[in-house]
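Dear colleague,

Please read them beside the coordinates.

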Amino acid sequence: MMLKEMQKLPEAVQLIEKASMMFVESGTPDTAAMSLDRAGKLIENVNLEKAIDLYQQAASVFENEERLRQSAELLGKVSRLLVRARRLDEAAASLQKEKNMYKEIENYPTCFKKTIAQVLVHLHRNDYVAADKCVRESYSIPGFNGSEDCIALEQLLEGFDQQDQDQVSAICNSPLFKYMDNDYAKLSLSLRVPGGGTKKKSPESQQEAGEPVQSATVNEEDDEYSSGLC
């Protein structure tokens with residue numbers, strides 16, 4: 001506490017890490033994990049990378065003790081900070097691990113929210129295939145198929161695939177997405193489709209809009225010589 005008040009946070013965190021190792025060795029891992037969590041909170045606004053490391057350590061301690069709920073909660077902090085640090089590949093892996101834990105303890109509604117976060121991360125990684133796979137794999141989670149979360153994600157992926165920025169923005173600005181944790185809400189609001197956001201139009205819609213449609217028929221003059229000279 002004295003080091004904190006003296007603004008010597010790195011030194012304070014170093015001491016907490018040493019103390020947490022002693023707690024584990026003395027058979028009090030819960031105290032070790034809580035100490036590491038506290039250290040992460042102390043340093044988070046000063047050193048994001050160190051905070052990620054501390055939360056990961058704390059999550060591992062709880063996981064080793066088979067306390068999956070506490071471990072998942074700490075992994076949630078890890079995932080959010082990885083997104084904030086733009087370490088999106090690692091964020092995707094962390095979210096998957098977090099989601100698996102919630103599935104194991106049968107907290108299915110939280111799995112739905114983690115699926116939304118995963119899809120946003122994958123789309124920001126420009127990996128549509130991974131985002132789509134993530135949703136398809138989630139159909140096995142009880143209650144997901146047909147849920148509000150599932151329908152929104154299917155519409156989001158459809159809009160992204162069709163390069164329809166209006167549809168994507170409408171989904172991303174819905175309460176389901178806007179009121180997520182702040183780091184994921186920012187991903188949602190900043191999501192842009194590839195190709196400049198121009199929706200692909202069918203020939204029918206082009207005709208309705210009075211736009212020229214490229215004909216697939218062969219020009220008569222070309223057709224006259226298509227079989228070669230006589």
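The largest nonpolar core holds 60 residues, and those with the most contacts inside it are Val119, Leu156 and Phe177; such a core is a set of buried Ala, Val, Leu, Ile, Met, Phe, Trp, Tyr and Cys residues joined through side-chain atoms within 4.5 Å. Buried means under 20% relative accessible area, exposed over 50%, and partly exposed in between, with a 1.4 Å probe and protein chains only. This is a predicted model, in which local features need pLDDT of at least 70 and side-chain atom pairs count only at pLDDT 80 or more, while totals for chains, interfaces and linings use all residues. Residues are numbered from 1 along each chain as its sequence is written, and side-chain values use heavy atoms, with hydrogens and water left out.

The largest share of the core, nine residues, comes from helix α4, residues 48-64; helices here are DSSP runs (H or I, at least four residues), numbered from the N terminus. Among the residues buried in α4 are Leu48, Leu54, Tyr55 and Phe62, and the elements covering its buried residues include α2 (9-25), α3 (29-43) and α5 (68-84). The end C-alpha atoms of α4 are 24 Å apart, which agrees with the 24 Å that its 17 residues should span at 1.5 Å a residue, the expected span being 1.5 Å times one less than the number of residues. Just after α4, glutamate 66 takes a positive phi of about 60°.

Returning to phenylalanine 177, its contacts (heavy atoms within 4.5 Å), leaving aside neighbours within four places in sequence, include Ile116, Leu156, Cys172 and Ala185. Cysteine 172 counts as buried because its relative accessibility is 1%. A search of the whole structure finds zero disulfides, a disulfide being a pair of cysteine sulfur atoms within 2.5 Å.

As for charged pairs, the structure holds 18 salt bridges, each a side-chain nitrogen of Lys or Arg within 4 Å of a carboxyl oxygen of Asp or Glu. Aspartate 30 forms one with arginine 67, the closest N and O atoms being 2.1 Å apart; aspartate 30 lies in helix α3 and arginine 67 in the loop between α4 and α5, so the pair ties together parts that are 37 residues apart in sequence. Arginine 80 pairs likewise with aspartate 181, at 3.5 Å between the closest N and O atoms, and this pair links helix α5 to the loop between α11 and α12, 101 residues apart. Finally, Glu17, Lys50 and Asp53 are linked in a network of salt bridges.

With best regards

Note on methods: Helix = DSSP H or I, 4+ residues; strand = E, 2+ residues; numbered from the N terminus.
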